[in-house]
Amino acid sequence: MQVEVRYRPAFALAIVTLEAKEHIQVEGGAMVGMSPDLEMRTEAKGGFMRSLGRKMFGGETFFMNTYTAKTGGDSVALAPPLPGDISVIELKGETLMVQSGSYLASSEGIQVETKWSGAKTFFGAEGLIMLRISGHGTLIVSSYGAIHTMTLEAGQSYVVDTGHLVTFEEDMHFKVKKVDGWKSTLFSGEGLVVELSGPGEFTLQSRSQDSFLSWLIPQLPTQTNYSSS
């Protein structure tokens, strides 16, 4: 599998070229275009209950699409729903925690789970749910805005707004908390944050979907606006 990312970091597009009979699992709605003889199969990946959990608690679509190349060189173009970047990560047995909305696609040998021991900690974090992704293969993730990578040494920590967190290594210690009490949380414009401790690597996105929606929704016309005009 070859992955080429174009037009980054604002409007990234991933072009995935497959070998004959090779598969790629893709989040529903991410396909932009594909080779005409590429086979597509839609299914509730991992069974009905696992797919339902991914939909309800992971923020992902209920059905996943699997694309299979008939001949070498078949390709599929993928893009996330929001403008931003795409990162290609080669997993070699390690495990990453990935913001649910950032999962885009993965090759064979990659497992995507919504059930993990720290999930409950994130349920109140501005709707942020982390997926547990592990195995051997290629993982493709996306961001809203640009992706910024940071590395922490042992003993170092860093505080991240939950709306900006994309990925972090499973072995990193984390703690979700309020920003200096409820007053700051409610009136500072900041919500919940997660404090990550090293050693390990994590990635951030330069924009937050929650912040964008907080700005956008009050701008939308309402029935009252129409009545008074």
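Modeller: Two residues are in contact, or touch, when heavy atoms lie within 4.5 Å. This is a predicted model, in which local features need pLDDT of at least 70, side-chain atom pairs count only at pLDDT 80 or more, and totals for chains, interfaces and linings use all residues.

Colleague: How many residues are in the largest nonpolar core?

Modeller: A nonpolar core is a set of buried Ala, Val, Leu, Ile, Met, Phe, Trp, Tyr and Cys residues joined through side-chain atoms within 4.5 Å, where buried means under 20% relative accessible area with a 1.4 Å probe, protein chains only. Ile 140 is among the members that touch the most others, and its contacts beyond four places in sequence include Val 16, Ile 24 and Ile 86. The number of residues in this core is 17.

Colleague: Which residue of strand 7 is the bridge partner of Met 34?

Modeller: Strands are DSSP runs of E, at least two residues long, numbered from the N terminus, and two of them pair if DSSP finds at least two bridges between them. Strand 4 and strand 7 run antiparallel and are joined by three bridges. In strand 7, the partner of Met 34 is Val 76.

Colleague: As what does Lys 178 count, given its relative accessibility?

Modeller: Lys 178 lies in the loop between strand 15 (173-177) and helix 3 (182-187), a helix being a run of H or I of at least four residues. Because its relative accessibility is 33%, Lys 178 counts as partly exposed.

Technical notes:
Residues numbered from 1 in each chain as written. Heavy atoms only, no water. Buried < 20%, exposed > 50% of the residue type's maximum accessible area, 1.4 Å probe, protein only.
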